[in-house]
Amino acid sequence: MATVRATVNRRTMPRAIPLRVTRFWLVCLFFLIWAGAITTRLFILQIVRHQEYVERAQKQQQRTFEVAPRRGVLYDRNLHELAMTVQADSIYADPSEIPDKAKTARELARLVHTDPEDGQTSEDQILNRLKNGHNFAWIARRVSPEASAQVKALNLKGIYFQKEFQRFYPDNEIAAQVLGYVGIDDTGLGGLEQKFEPQLHGVPGRMFAAMDARRRVLGSSEHEPEPGQNLVLTIDSNIQFLAERALDHAMERTQADNGTVVVQDVHTGQILALAIRPTFNPNQFRHTTPALLRNHAVSDVYEPGSTFKLVTYSAALDQGVTKPDDMIDCQGGQMVLNGRVIHDDKSDHYHVITVHEALEHSSDVAAVKLALKTGPDNFYKYIRGFGFGSRPGVELPGETRGLLRPVNKWGSTSIGSIAIGQEIGVTPVQLVSMVSTIANGGIYLPPHVLMPAPAASAQNAQGSTAPVLKPMSFHPGGELPNPLPAGAHRVLSEMSAAEMRKMMEGVVLYGTGKSAQLNGYSSGGKTGTAQKVDPRTHLYSKTMHVASFAGIAPVNNPVIAVAVVIDTPKGPSYYGAQVSAPVFAEVAQQVLEYLEVQHDVDIRQPKASSKPEKPAHEDDEDNSSDINSLFAAVNDLPDDDPLREPVAQPAPAPPPAAANTNPASEPIEMAAATLSPTPPPQPAPQKAVVMTADGERKVPDLMGLPVRKVIETAAMAGLEVQITGSGTVREQAPAAGSVVGPNTRIVVRCSR
């Protein structure tokens with residue numbers, strides 16, 4: 001029984017699993033889990049995060065350096081380099097290798113800090129960069145060869161050198177506002193350098209270097225940079241030099257705020273010279289201010305004054321309303337237009353004279369009459385035809401279209417104002433393009449400072465198709481392009497243009513432009529003198545003027561047109577006849593001789609004048625128009641016009657009555673308004689009586705006021721006034737602002 005029971009127990013008890021089998025399966029399970037983990041990790045590394053680790057490896061094993069491209073060259077029309085790129089040493093440091101940073105900064109600053117205005121190379125700035133930098137810090141960039149050699153001679157630890165491109169202007173200040181300059185980061189910051197930054201800059205290259213664990217270069221590959229495009233200007237550097245030298249003489253003589261001279265090829269519209277003063281040296285751009293960068297030839301407008309009468313007479317001749325030998329009544333130098341009195345110069349009292357004589361003597365009355373005969377719509381058509389009121393399209397930044405209101409916004413006397421160059425704002429480039437139109441037979445040609453891009457040459461061995469540049473020297477006696485370029489159009493008939501050229505010659509021979517006569521060459525043009533606008537008061541200034549001259553030479557076969565604009569001359573005279581016409585004569589004479597143009601008149605020997613000739617001038621002060629119309633025209637400009645910026649936040653305008661009180665010459669309707677029984681309110685500073693504790697009074701400013709206004713102002717100030725002459729006040733005593741007793745009598749002298 002016992003045996004049977006033991007057998008049954010053996011059969012019913014489960015069989016024990018051997019220990020070795022258990023261990024085997026445990027090990028298998030472990031390896032299975034481990035393999036799964038490894039596989040998962042590899043999947044994450046190789047699949048999920050593959051790109052991330054590739055990039056990290058490249059950063060550790062490779063370094064990418066940007067290779068700067070060589071900036072394009074700016075040439076003049078004769079392929080003389082005006083702006084080029086050279087190599088210069090830049091100094092940098094590895095601060096971790098420098099044991100004594102303070103001593104190193106002191107020694108470096110002694111050699112590289114040559115410009116007191118350069119704060120980046122001072123000892124404090126260098127030391128600050130050395131302390132804050134880890135493995136790299138700039139010391140000085142693009143230093144002179146002398147400074148580089150001196151620093152190398154120190155053999156300082158942790159100081160290294162790197163070649164960088166540097167912009168270089170061989171002629172220094174020549175055509176500075178046209179060229180602009182390049183900043184420390186090789187970016188154009190003005191002129192053509194800024195306008196054509198993408199084309200000039202080029203495409204940077206890349207250099208890839210393989211590094212080992214110790215940051216040693218194992219090998220490298222390079223993607224070559226694409227150099228910038230070379231540009232050829234229409235400027236002739238020799239003519240540019242002559243224009244700038246003549247302008248320097250004028251600035252020294254007149255002490256003007258600024259001056260502009262533009263020389264243009266009359267047959268192509270190409271600008272041969274564009275001189276502006278004051279100027280700057282683009283090689284020393286750290287000393288450049290925004291005011292010096294401003295290109296007055298395309299960004300600033302002024303009222304052209306009598307030079308605009310060329311447009312008025314051209315329109316009248318072309319419309320057939322008059323001829324040069326027709327008679328016109330100047331009415332003794334005075335006329336009334338819708339209640340406004342318009343005067344000729346105070347020394348001119350012409351009656352019935354020929355039309356060409358009226359232009360020679362710059363009669364305002366004759367110009368207004370011709371504009372009225374032409375009609376506002378036709379007159380406006382010719383103004384726009386000459387390019388006024390639209391951007392000329394010259395390849396320079398900051399170009400404005402000027403100020404010209406459409407006919408439906410003209411006032412009752414606007415046609416008279418515009419006929420004599422008021423209520424309109426023009427740029428010197430627009431002015432020279434206008435006289436070029438007359439010179440070439442009546443075709444308006446848009447001005448340009450860049451030559452047309454040459455066609456690509458045949459593919460060379462390197463596969464490049466870069467165009468081959470060729471000199472495009474200016475040769476006199478050219479013809480109009482055929483076909484005409486885009487934007488060109490006829491403004492005047494050839495007959496009208498020829499008649500205008502002869503009349504312009506008469507201005508130089510017999511009229512206000514005698515100072516523009518040349519020796520051996522005929523010349524023609526028109527002088528102009530205009531009052532400047534004070535933007536704070538919206539009134540004409542009594543002391544600031546713009547003197548201008550626009551002319552052509554020679555007359556029968558014109559080669560060049562020249563516009564001269566001198567802003568706020570401070571010499572003994574401010575008239576265009578004495579200030580700007582001599583500049584034209586100097587520029588035109590030298591340019592024509594440089595171009596070897598044949599003489600068309602006899603060469604005269606210089607001789608001393610027996611007696612000084614009475615200077616000719618135009619007194620535009622007597623015809624000052626409603627200046628608010630110009631400021632209203634600014635509001636019609638597009639938002640990107642540079643003229644919008646200065647008037648974006650204008651000074652508070654005076655009340656309407658004060659705004660129309662012109663200090664130089666008040667229109668009659670304004671004077672009548674001040675005498676009405678219920679005059680409009682006036683600003684308190686003009687009407688208040690300033691008294692001291694002793695009853696003394698402050699003398700008001702009476703300069704430029706008409707007689708009736710003088711009486712009113714003196715009465716409100718509690719002072720008596722003695723008036724001599726008629727018209728507006730030219731002198732007063734005591735001076736404005738003086739403190740006088742209550743019984744003092746003010747003496748004023750008036751004249752027209």
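Predicted model: local features only at pLDDT ≥ 70, side-chain atom pairs only at ≥ 80, totals over all residues.

Biologist: What makes α10 roughly antiparallel to α21?

Modeller: The cut-off is an angle over 145 degrees. The two axes cross at roughly 160°, so α10 counts as roughly antiparallel to α21. As for handedness, the crossing of α10 past α21 is right-handed.

Biologist: How do you know which residues of α10 and α21 meet?

Modeller: Contact here means heavy atoms within 4.5 Å. On the α10 side that picks out Asn238, Ile239, Leu242, Ala243, Arg245, Ala246, His249, Ala250 and Arg253, and they meet Pro582, Val583, Glu586, Val587, Gln590, Val591 and Tyr594 of α21. Sorted by class, this contact has 10 nonpolar, three polar and three charged residues.

Biologist: Now the largest pocket. What is its volume, and which lining residues are closest to its centre?

Modeller: The volume is about 1000 Å³. There are 40 lining residues, and Arg141, Arg142, Val143, Gln166 and Arg286 are the closest to the centre.

Biologist: What makes a residue part of the lining of the largest pocket, and which elements supply it?

Modeller: A lining residue has an atom within 4 Å of a pocket point. β3 (81–93), β4 (137–143), α6 (145–154) and β5 (159–168) each supply at least two such residues. β4 gives the largest share, with six residues.

Biologist: And how does the lining of the largest pocket divide by class?

Modeller: Into 16 nonpolar, 13 polar and 11 charged residues.

How values were computed
Residues numbered from 1 in each chain as written. Heavy atoms only, no water. Axes fitted to C-alpha atoms, helices over the stretch in contact; angles between N-to-C directions. Helix = DSSP H or I, 4+ residues; strand = E, 2+ residues; numbered from the N terminus. Parallel < 35°, antiparallel > 145°, perpendicular 65-115°, else oblique. Left-handed = near helix turned anticlockwise from the far one by under 90°. Nonpolar A, V, L, I, M, F, W, Y, C, P; charged D, E, K, R; others polar. 1 Å grid on protein atoms, 1.4 Å probe; cavity = no way out; pocket = protein on both sides within 12 Å on 5 of 7 lines; lining within 4 Å. Points joined across faces, edges and corners; volume = space filled by probe spheres on them.
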